[in-house]
Amino acid sequence: MEHGLTGRARTGLIGAATSLLKRVRDATYYRITPERLRESEERLRLLIEGVTDYAIFSINLDGTILFWNSGAEHVFGYSEAEVVGKHFSLMYTADAIAAGVPDTEIARAAEDGVALDEAWHVRRGGDLFYASGEMTRLKADADGNPRGFVKIAHDVTTRIEAFETVKRQALYDDLTQLPNRASFFELLERYIVRAKQEGDDRFAVILVDLDHFESINVSLGHVMADGLLVQVARLLERCVRTNDIVARLDTDRFAILLREVVEPEDAMRIVERIEETLEHSIYLDGFEIHTTASMGIAIGSSARDSAEDALRDADIAMYEAKARGRACHVVFDREMQDRAALRLNLQMDLRRAVARLEFFNEYQPIVSLERSMLVGFEALVRWNHPERGVVLPGEFIPEAESIGLIVQIDRWVLHEACRQLRAWQVQCGDDALTVSVNLSIKQFAHKNLLDDIREALEQNHLAAQSLKLEITETVFMEDFETISGTAALLRELGVELYIDDFGTGYSSLSRLTRLPLKVLKVDRIFVNQISGDPRGVEIARTIVTLAHNLGLVALAEGIETEVQLTTLVALGCEFGQGYWFSRPVGADVAETLIGHRLPLLVVQ
Ligand code: C2E
Ligand code: MG
Ligand code: MG
C-alpha cells in the first residue's frame, strides 16, 4: 500500500504503526472498487451539475466545450445543448477576442497549471457582466499529454459595481459628478509626468471661485445653491476643450486643467469664454440668478513645475482676483508670490500681536447734529507693530478675519472701550456719553458674544445704553436665524445696534427691517459726493429718508467739509462723524474734547 509506505517514511516507528493501522482501516472502509469509483464519479457529477452559482465547464485543448453544468447555464445563459462542441470564446467580448485573450488563457493554464480570468464577459443575448474565474489544467493522460481544462467562474458584477461606486465616490464629487480635489491633483500630477516625457511643456491651471456664494446659500437655501453649483459645473465643461479637465475642489471652487497650452492666449480665450458664459443669468426653479466668479490662472511648465506649484500659483492669483474686487481674473506672476509671502508674515505677526496685546484704541467723536454737541465716540482699533509702527485696521482686519483672530481682537477692543468710557463718564460726570464698537461678522456670530458683552458692562459698571455695536451688511451672509436671535437678545439687554457703511454691501431691505436696528450709518462714499453736484445731494437725501422710513436714526460718516455738514443738517440727518469734527484720536486727546459743542476743532 502506497499510503502506508509514505506514512512510514515520514514518521517514527510507533507513529508509522499507528498511521498504517489508521490507513488500513480507512482503506478498508473506503475500499476503492470500480463500483465505488463510478458511484463517486456520479456523486461528483451531480454535485457539479447542481451548483448553480458557479459555472463549471471543461474544454479540450483547442477550446471546444465538452462539459457544461447548470451553473454555467445560469451564469452565461446558454444551455448545454447550445454550447457543447462550440469554442469557449463565445463568452468573451469582441475586444478580448481580438486581443487573443482566450488563447492566452489556455496557453497560460497549460504552462502554469492555472490561469486567472477577471474581466467583462458576454452573456447570451449580448449583456455584459463581470466574471471572476480560474482555468485549471486537467491531469495529463498516461502518455503525459494534457487532456484539457476545467474552468470555474462566477458573476461578480454586483461586487465590482459596488467597488466602482466606492472608487467613484472617493474620486468624484457626488453633487456635480466632477473629479474631486484628490483626483484632480492626481490627474494633474500624471499629466505633468507624461507631458514631460513627451516634451509638451506648457499647461494651465485655472481656479474658478464663485463670488458671494455664501449669501446665495443663505438667501436661496441649500437646495437651490446646490442646483446652481451643478449648473456652473456643466457651464464650465462646455467652456473647455474635450481634453481638458474640470474638477470641483471645494464648495464653490472649481479647477480646470488646460492641457497643451501653446500660447498663454489659449488659456485666456477659455477664461474669457467662462466670463462670457457666466454673464448670462442662470435660471433655477423660476429664479433668475446672476453669479460672477473670481479666477486665478497659472501657466505651468511641465519641465519646471509640480502639480503642487501649479495649484499654489493659481490659488495665489485667485486670492489676488478676490482682493481686486472679485468678478475678474488674474494671471499669476512672481510678484504675487512675494505678496503671498507678505500675507503669511502678516498672519504670523498678528498671532504674536494678539498674544502680546499690541493693540490700542483711538476714538472718533460722534456729534449730534440736532444738538450741536459731542455725544460719544467710535472706538477704532490700531496695531502698534514693533517694527512698522501704527498699522490701521484696513490693513490687518481682513487678514485677522480670515484666520479667526478677529474674535480675540474684537473682544479686547470691546473690553478696553468699555473701561475707557466708564473712566470718562466718572471723570466728567456725564453718564450719557456713549461708545460704539465695531464687530466683525465672525464676532457677531460667536456663541460667547452675549456673555462677553455682559461681562464688559458689569466689570466696568456701565449701563447697557452706553454701549453701541456697529455691524456691517456682511452679517446678512450669516445664517439669518442666528443673527436675528443674537440681535433680539442684545435689544433685551439694552445694547443698541448700528448698521455700519450702509449702501456698500448687499443687504436686502426686508431683512434689514427684521433686525432690531437703531442707527443707520450712511457710508462715507455718499457723504463724499455731497459737493456742488446736485445728484450727490439727492443720493444722500434718499438714504437719510430711507433710514427714517425704516424707523432708524441717520448718522453720516466721513463729513469733511462745511457744505457736507450743512447739507446733512438740512436733510434732517441726526448724527455726524468725520474729519470736519475730528480725526480718530488717542484717549487723552479724546478726553479734552468731551463737553465740546459743534464745530469741534479738526485735530490733525
Ligand atoms: P468704520 O467703522 O466705517 O470706521 C470709520 C473709518 O473711517 C475709520 O477708519 C475712520 O478713521 C475713517 N474716517 C472717519 N472720518 C473720516 C473722514 O472724514 N474722512 C475719511 N477719509 N475717513 C474717515 P479706520 O480707523 O481706518 O477703520 C477702518 C475700518 O476698520 C472701520 O470702518 C471698521 O470697519 C474697521 N474697524 C476699526 N476698528 C475695528 C474693530 O475694533 N473691530 C472690527 N471688527 N473692525 C474695526
Ligand atoms: Mg464703524
Ligand atoms: Mg463705517
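**Close-up views of the ligand and metal sites**

View 1. D500 bridges two magnesium ions, ligand 3 and ligand 2, which lie 4.0 Å apart. This is a predicted model, in which local features need pLDDT of at least 70 and side-chain atom pairs count only at pLDDT 80 or more, while totals for chains, interfaces and linings use all residues. Residues are numbered from 1 along each chain as its sequence is written, chains are lettered from A and ligands numbered from 1 in the order in which they are written, and side-chain values use heavy atoms, leaving out hydrogens and water.

**View 2. Here are the donors of the magnesium ion (ligand 3).** The ion is coordinated by D500 (OD), D501 (OD), E557 (OE) and E557 (OE), at 1.9 to 2.6 Å. Donors are N, O and S atoms within 2.8 Å of the metal (3.2 Å for Na, K and Ca); water is not among the atoms, so sites may look incomplete. Along the sequence, the donor residues follow the spacing D-D-x55-E. D500 counts as buried because its relative accessibility is 5%, whereas D501, at 24%, counts as partly exposed. Buried means under 20% relative accessible area, exposed over 50%, and partly exposed in between (1.4 Å probe, protein chains only).

**View 3. A shell of 24 residues surrounds ligand 1.** The closest are D410, D500, R524, E560 and Y579; a residue is near a molecule if one of its heavy atoms lies within 4 Å of it. β14 gives the largest share of the shell, 4 residues. Strands (E, at least two residues) and helices (H or I, at least four) are DSSP runs, numbered from the N terminus.

**View 4. F526 sits in helix α21 (residues 524-528).** F526 is buried, with a relative accessible area of 14%. Leaving aside residues up to four places away in sequence, F526 touches F502, G503, I539 and I543, where contact means heavy atoms within 4.5 Å.
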